[in-house]
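Please study the sequence and the structure before reading each solution.

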Protein chains: 2
Amino acid sequence: MNKRKNFSNKRNAILNTICNTDCHPSAKWIYNKIKDKYPDISLGTIYRNIALFKEEGIVRTVATVNGEERIDGKTEPHSHFICTKCGSIYDIFNEELTAVDSILCDEGFKIESKCITYYGKCNKCS
Amino acid sequence: MNKRKNFSNKRNAILNTICNTDCHPSAKWIYNKIKDKYPDISLGTIYRNIALFKEEGIVRTVATVNGEERIDGKTEPHSHFICTKCGSIYDIFNEELTAVDSILCDEGFKIESKCITYYGKCNKCS
DNA sequence: TAGAAATCAATAATCATTATCGATTTGGGT
DNA sequence: ACCCAAATCGATAATGATTATTGATTTCTA
C-alpha cells in the first residue's frame, strides 16, 4: 500500500468515531458525536470524509435504514441484523457461507463483497 | 396474471409492471413504463402504491442503489447479486445460498426475513 | 518562509421520497 | 340508474438526505 499522508485532526476524529462504535452510525449521528469535541464542524465534512473513507476501502455502507445510509468501520467479513422497529444494527460474526461463493463465478459474475442481512425485532423491541 | 379485481386499473398496472419484470425496478422506472399506457399517471401514485404493496407484503425492497430504492415482486426466498458498475440486480435462486438458519433466536432476536446480497461486477460489466 | 495543495465551514443545489389537498372515480345500498 | 361515502388519483408543495460550490483557512513541501 502506498504511503498515506497523515489525516487531519477532524478527519481522524471522524474515522475514530466510526471505528469506535458498534452502532453502525449515520452521517448525522457521527456529526452530533463529533460536535462535542469540534463544535464548528460541518455536516458536509462528515459526508465528504465518509466518501473518502469508502474510496479507500476502510469503511463501507451496511444498509439504508429509514432513508439514512448506515456506515460500518469493521472490514472483517461479517453479517448484520437490522431491527425493523428501532433501526438498530447488530454485528453477526458467524459465517459458514464462504464455500458457496464460487457458484456465481462460473457465470461470469465477479464477487467483490457479500452482505448477509437479517431483518426482525431485536431483543429490546421484541 | 396478478390482477386483483378489487384493485383499480392503475394500481393493477403498477403491480403487474413490478411483477412482470426481472429488473428489480425503481419507482421512476415503473413510472416511465406505466406512462406508455397511462400517460397521465403521477409519480406520487407509484410511490403511494408501492408503499401499499409493501404493507400487504406482496413486494419488498431489495436494496438502495445510487440513492434509489429497488423493488422486487417475487416473494419466494431468494438472494440477489448487485452489479457495482451498472447497478443491475440479478436473482439468485439457489437452495444452498438461501438455507442459512438462525443463530440469533437464543438471544431474543426475532428474525422476520433474511437478505443475502452479493456485490461485484455482473457478466456484462466484468 | 512562501507558495501550492489539502481541508474545511457555510451554504446552495439536487434528488428521491412523502405529505397535502382538491378533484375524480368507484362500489354498495336503495 | 342514482346517490353518497370512501377510495383513488394528479398536481404540487414540502421534507430530508446527500452532493456540489465557493471562498477561507490550514497544512505540507521545497
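**Exercise 1.** Determine which residue in β4(A) stands opposite A:Ile82.

*Solution.* A:Ile82 has A:Ile89 opposite it in β4(A). Strand β3 (residues 79-83) of chain A and β4(A) run antiparallel and are joined by four bridges. Strands here are DSSP runs (E, at least two residues), numbered from the N terminus, and two strands pair if DSSP finds at least two bridges between them. The model is predicted: local features need pLDDT of at least 70, side-chain atom pairs count only at pLDDT 80 or more, and totals for chains, interfaces and linings use all residues. Residues are numbered from 1 along each chain as its sequence is written, while chains are lettered from A and ligands numbered from 1 in the order in which they are written.

**Exercise 2.** Describe how β3(B) is joined to β4(B) and to strand β5 (residues 110-121) of chain B.

*Solution.* First, four bridges link β3(B) to β4(B), and these run antiparallel; B:Ser79 has B:Ile92 as its bridge partner in β4(B). Five residues lie between the strands of this hairpin, where B:Gly87 takes a positive phi near 80°. Next, β3(B) and β5(B) run parallel, again with four bridges, and B:Cys83 stands opposite B:Gly120.

**Exercise 3.** State the order of the six strands in the open sheet, and explain why one side of each edge strand is left without a neighbour.

*Solution.* The order is β4(A)-β3(A)-β5(A)-β5(B)-β3(B)-β4(B), with mixed pairing. β4 (89-92) of chain A and β4 (89-92) of chain B stand at the edges; each has a single partner strand, so one side of each has no neighbour in the sheet.
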